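Q: Could you walk me through how to read the fold of a model like this one?

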Amino acid sequence: SRRVIIDTDPGLDDAVAILLALADPALDVIGITSVAGNIGIALTTRNAGRLLAAMGCGDVPVAIGAIGPLQGRTIDEAAIHGDDGLGGVKLPEPDHPPKPDAVLWLAETLRAHPAGSIDLLALGPLTNLALLLRQDPDAARRLGRVIAMGGAIDEPGNVGTRSEFNCAADPHAVAEVLAAGLDLTLVPLDVTRKVRANRQDVAELMAGSTVAAQLSGAFVAAYFQTAILKESRPLHDPLVMLLAVAPELFALEPMWLTVERDDPIEAGALSRDPEGQPVLVAMGIDAPSAMARLKAGLGGAAGRP
Ligand code: BDR
Ligand code: CA
């Protein structure tokens, strides 16, 4: 199985993604770094530890990441993810206190393993990775692949008309990560909006035989509570995990991108630009198979033979 670190701001869809990674034998989660995003850093850190405890993985370390973006103000999504960031779903408390410094922990962990042997699965604003690149670029270059949920290419944004939340929450971090020349794959709204859970999917997950399936059902149900009239909800962050374990479900396109840094509304918007930075972007997905693979990975009812 592939060693991965999850960088995340849980967050309901982050939570489903984390459960999928922990449940899937193809991934060996060696740690989680938290970041402020959907909600503040204290809660995203606690939520990461609570999810690990619920899955019986309390020994996997959580390290506390950035409290806010490299520059400017934090944007918060408590209206979508609930006051605790996880829709009030009942979970055990973390088994261990978190490690104090995500950037230091990342650098030490990357040095303790062979270069290229750890992938980073990034589900929130890219602040932690940008800080690692600033503070210890040699350690950052030991990363294998970086797969990040973020951006909107041809799709409209979900913050500005063209900007997506993770990129909008720290556009300067996006610029520094793009410029670093890492092996970077982006999973934008163009694909994540296509993989949508409906109420039948929620019911199937809740009826699943595993903790991962049942909790995911509860998180997606909570994701419906804040969008009462919607028939389905997009599962953004779990697609990063699916790209890591089932790349055949995706169509990847090489692109050269720049990011808007300063516009008050469109900061974080990505543009195709031949002078920009090269990056692989997931632009196509087999959505029905992705949903089936997600349920199978979580051990939901539809995943059982
Ligand atoms: C992204 O923003 C967050 O609200 C979600 O967790 C996801 O990472 C979608 O734009
Ligand atoms: Ca997220």
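**Reading the fold**

A: Gladly! Start with contacts, which pair residues whose C-beta atoms, placed from the backbone, lie within 7 Å. In the protein chain, 81% of the contacts between residues at least 6 apart in sequence join residues at least 24 apart. This is a predicted model, where local features need pLDDT of at least 70, side-chain atom pairs count only at pLDDT 80 or more, and totals for chains, interfaces and linings use all residues. Residues are numbered from 1 along each chain as its sequence is written, while chains are lettered from A and ligands numbered from 1 in the order in which they are written.

Q: How many helices and strands does the protein chain have?

A: Helices (H or I, at least four residues) and strands (E, at least two) are DSSP runs, numbered from the N terminus. Here there are 13 helices and eleven strands.

Q: In what order do the strands form the open sheet?

A: Strands pair if DSSP finds at least two bridges between them. Nine strands line up as E3-E2-E1-E4-E5-E6-E11-E9-E10, with mixed pairing. Strand E3 (62–63) and strand E10 (270–272) each have a single partner strand, so one side of each lacks a neighbour in the sheet.

Q: How many bridges join strand E4 to strand E5?

A: Four bridges link E4 (residues 118–122) with E5 (residues 143–149), and these strands run parallel. Leu121 has Ile147 in E5 as its bridge partner.

Q: What share of the residues of the protein chain count as buried?

A: Buried means that 20 or more other C-beta atoms, placed from the backbone, lie within 10 Å of a residue's own. Of the 305 residues, 55% qualify as buried.

Note on methods. Buried ≥ 20, exposed ≤ 12 C-beta atoms within 10 Å, placed from the backbone. Contact = placed C-beta atoms within 7 Å.
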